[in-house]
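Here are a few friendly notes to read alongside the model. Please keep the sequence and the 3D view open as you go.

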Amino acid sequence: MSAQTYYVPEQSRFPIFMAVSLFLLVMGASSTINNLDNPESNSVYILYAGFASLFTTLFFWFRQIIKEHLAGLDSNQLKTSYVYGMAWFIFSEVMFFAAFFGIVWWHKR
């Protein structure tokens with residue numbers, strides 16, 4: 001068995017861009033909902049900017065991931081870590097909902 005190198009991607013600004021995009025989206029949506037009776041409000045443009053920045057960020061982020069995959073930078077070890085990460089995430093969600101519904105059941109007795 002030969003040792004494979006574990007690919008560690010370089011630092012990225014995409015998470016920051018995604019956070020700003022989601023912030024704009026939420027602020028635009030809430031402002032638009034709160035100003036439905038005011039047709040002169042420009043809050044819908046904040047919503048549009050949030051959607052545009054969200055989809056732009058997703059496009060460039062996925063493009064970067066596809067380029068890394070096509071360059072062969074991901075290994076079997078990296079793919080296995082993705083599977084383990086997703087398994088732990090699903091397990092944590094199952095435990096969260098089990099605790100949540102367990103508490104609801106406990107208080108209804």
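1. A definition to begin: Ala, Val, Leu, Ile, Met, Phe, Trp, Tyr, Cys and Pro count as nonpolar, Asp, Glu, Lys and Arg as charged, and the others, Gly among them, as polar. By that scheme, the lining of the largest pocket has ten nonpolar, four polar and four charged residues.

2. Please remember that this is a predicted model, where local features need pLDDT of at least 70 and side-chain atom pairs count only at pLDDT 80 or more, while totals for chains, interfaces and linings use all residues. Residues are numbered from 1 along each chain as its sequence is written, and side-chain values use heavy atoms, with hydrogens and water left out.

3. Which residues lie nearest the centre of the largest pocket? They are Pro 9, Trp 61, Gln 64, Ile 65 and Glu 68, out of 18 lining residues. A pocket is an open set of points on a 1 Å grid over the protein atoms alone, where a 1.4 Å probe fits, with protein on both sides within 12 Å along at least five of seven lines; lining residues have an atom within 4 Å of a point.

4. Helices H1 (14–34), H2 (43–70) and H3 each supply at least two lining residues of the largest pocket, and H2 gives the most, with five. Helices here are DSSP runs (H or I, at least four residues), numbered from the N terminus.

5. Val 44 belongs to helix H2. Val 44 counts as partly exposed because its relative accessible area is 25%, where buried means under 20%, exposed over 50% and partly exposed in between (1.4 Å probe, protein chains only).
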